[in-house]
Amino acid sequence: MDFFEAQAAAQSATSRLVGLFCLAVLALITLTVLLVAGVIAWTTPPTGYLSFSKLTYAVSPGLALGIASGVIAFVLLASAFRLRSLSGGGRAVAESLGGRLLLSQSTETDERRVLNVVEEMAIAAGLPVPPVYVLEEAGINAFAAGYGPDDAVVGVTRGCMETLSRDELQGVVGHEFSHVLNGDMRLNLRLAAVLFGILAIGVIGRSLVGRRGYGAAAFGSSRGRGSSASQIAILALGLMAIGYVGTFFGNLIKAAVSRQREFLADASAVQFTRHPQGIANALRRIGGSAAGSRVGHGRADELSHLFFGEATAPFLRSLHATHPSLDARIRAIDPRWDGSFLPPHQPDTDPLTDEVDAGAADDAATDVDALRILPAAAVAGAGAGAAMASEHLGRALGHVTPDDVSRARSLIGGLPRVFHDAAHDPFGARAAIYALVIAEDPAAALALIDARAEPGVPAALRQLLAHREALPEGGRMALVQIAMPALKALSAPQYQRFRANLIALIKLDDDVSRLEWILHLVVLKELRPHFEGVRRRATGTRRITDEQEACWLLLSALAQIDHKADEAEDACRAGLRILGIEFALTRQGGLAPKSDPRQRRLTEAMRRLRRIRPLDQPRLLKAAMATVEHDGRISAAEHELLAGVAAALDCPLPPFQQSTMTPA
């Protein structure tokens, strides 16, 4: 299953969830109507017995309709309330579970290792690096939460950090990243909100039973407390019983939706790492740990379907378990497993050797320059180019391979140490983004930052500008991704100032370049959900043929980056041909004009293209690839714009593969 098919499957699972939710609500309505009818019939003279005639007399159509309306309204309001409480996205979930944010500049060994693994996997997947939270729990567990890649977080327990080897930790993180790629996170948060609505009726019953005297009144004579008190007590106990029924069916829904997606995530983790024993051994460590994968926080049961392993002990495990059994998961990965579990990992080498050397590429890869997309001038000087097979890379969209992980590690290692370290610090991260958009003559930009930025940022910016020539062009988008956790650690006023300064720098010369445009688009797209709240975007419904002008504008922009003037129109036509709308070029009278100082037309085009159907997105990106590779090579500028467009469309684009580069 590829990324786009997985996204479609997640939407199908959401539809199935809605169907199961409707059935559960119908069951709650039926039970509540019967309960109210029973209470009325029991307390209607002659009291003390039930009969069919008394029940039918007690339940009028108007009463049944009123109860049904009340139950539906209550469940929907409760679900909306829970959805509202989760509107902060992944951060809200992590904090509700007691998670502590790991600082990007942490030097603690276990924390540093987790941060490195998450960073590598994010770059390999073409995703922004998510913030990492730690839960102070002994159990071995992890989770990914959020509505999408922009607000996603990864959480790990203390037991996960301290008892797993690096390969095992990578397997667990790969499992969680598959949930990000496959659209499971949004589904999981919706599931939590739906279940809260179903369980809320039982909460009312328990609160009524807890009130003084109502528990005993249900079993006493109506003479002692009056028939109204007896009715309330019986109703309270009945609602509590209905709540338990709701819990039973709610857990069935949760198990039905999440269990098979855990198998998919395990398989994806094996695909990411090409090391089945990594995730298999992580599962074996859970089996060999006294704490298992248990999470003791009070919210763990409600959010149990988010975790890597079974966070709580479910009632009727065969029906209510949100995860397959450890045996089933391990045997699905390793059919020859001998049934033994593993004790906690004891590192036999210095754990710091697990870290990526940010000063140079590590031993896991070959020559960094051989894997990097070279600037067009360097390629021309060497007499060779980097050509891409768009069909090959099209199949790679949304997939993460071990080669992607190795290239991500090399790309991170190829960044100058001063930029890599700055990207992990809130002051340095702001300076790094500023440095990417400042023109060759920085005097006016530095004056602006001196006047408007917080103390510490101008000094960091000057240091980075002194080393800017060492920053590889192909590493600029990776630097943006790496800087995301540090930027998300800003306070709200710092974010607003950073955003205003970034826009001011881009507008300083009254000419917004395509690189400045895409950096601004990606940076703010990924920061807005964190600081301004998640805006849940509906699934796209537009067809490619409905957005022909937007496609033409985007492909025209890509064609004019590095193609010669007489080749650009043919390059655009090659992309439009893949979309089946090559006639759009003729109808528009050629390429879109380059003159658009503020890139307003491109911004509007991207807004419209975000509304196309998920299964049409790979066609659009294949068309974009065909456009930029039409002259037999892809320059760093073309690659960065392509990566930015993919990020803006929420379509992860892995690093380019060496095998797809051929001589021009």
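This is a predicted model: local features need pLDDT of at least 70, side-chain atom pairs count only at pLDDT 80 or more; totals for chains, interfaces and linings use all residues.

Student: What share of the residues in the protein chain is buried?

Tutor: Of the 664 residues, 56% are buried.

Student: Let me try single residues. Why is Asp184 called buried?

Tutor: Set the value against the cut-off: Asp184 has a relative accessible area of 1%, and buried means under 20%, so Asp184 is buried. You will find Asp184 in helix α8, residues 184-210.

Student: What makes the pairing of the Asp184 and His179 side chains a polar contact?

Tutor: The two side chains come to 2.7 Å, and the cut-off for a pair of N or O atoms is within 3.5 Å. The pair therefore meets that distance limit. Leaving out residues up to four places away in sequence, Asp184 touches His179 and Arg261.

Student: And why is His275 called partly exposed?

Tutor: Its relative accessible area is 31%. Buried needs under 20% and exposed needs over 50%, so His275 falls in between and is partly exposed. His275 sits in the loop between α11 (227-273) and α12 (276-288).

Student: Which residues does His275 contact, beyond its neighbours within four places in sequence?

Tutor: Those are Asp167 and Val270. There is also Gly171, 104 residues from His275 in sequence, with 8.0 Å between their C-alpha atoms.

Student: How do you know that the span of helix α3 is close to the expected one?

Tutor: Helix α3, residues 61-85, has 25 residues and reaches 36 Å from its first C-alpha to its last. At 1.5 Å a residue, 36 Å is expected, so the span is close to the expected one. Buried residues in α3 include Ile67, Val71 and Arg82.

Student: What makes up the lining of the second largest pocket?

Tutor: The lining divides into 12 nonpolar, three polar and 12 charged residues. The space in this pocket is about 730 Å³. Of its 27 lining residues, Leu436, Glu473, Arg476, Ser513 and Leu515 are the closest to its centre.

Student: Which helices each supply at least two residues of that lining?

Tutor: Three to look for are α20 (426-437), α25 (514-532) and α31 (636-648).

Note on methods:
Residues are numbered from 1 along each chain as its sequence is written. Side-chain values use heavy atoms; hydrogens and water are left out. On a 1 Å grid over the protein atoms alone, a cavity is a set of points where a 1.4 Å probe fits but cannot get out, and a pocket is an open set with protein on both sides within 12 Å along at least five of seven lines; lining residues have an atom within 4 Å of a point. Grid points are joined across faces, edges and corners, and a volume is the space filled by probe spheres set on the points. Helices (H or I, at least four residues) and strands (E, at least two) are DSSP runs, numbered from the N terminus. Ala, Val, Leu, Ile, Met, Phe, Trp, Tyr, Cys and Pro count as nonpolar, Asp, Glu, Lys and Arg as charged, and the others, Gly among them, as polar. Buried means under 20% relative accessible area, exposed over 50%, partly exposed in between (1.4 Å probe, protein chains only). Contact means heavy atoms within 4.5 Å. A polar contact is a pair of N or O atoms within 3.5 Å; within protein, one must be able to donate a hydrogen and the other to accept it, and residues adjacent in sequence count only if both atoms are side-chain atoms.
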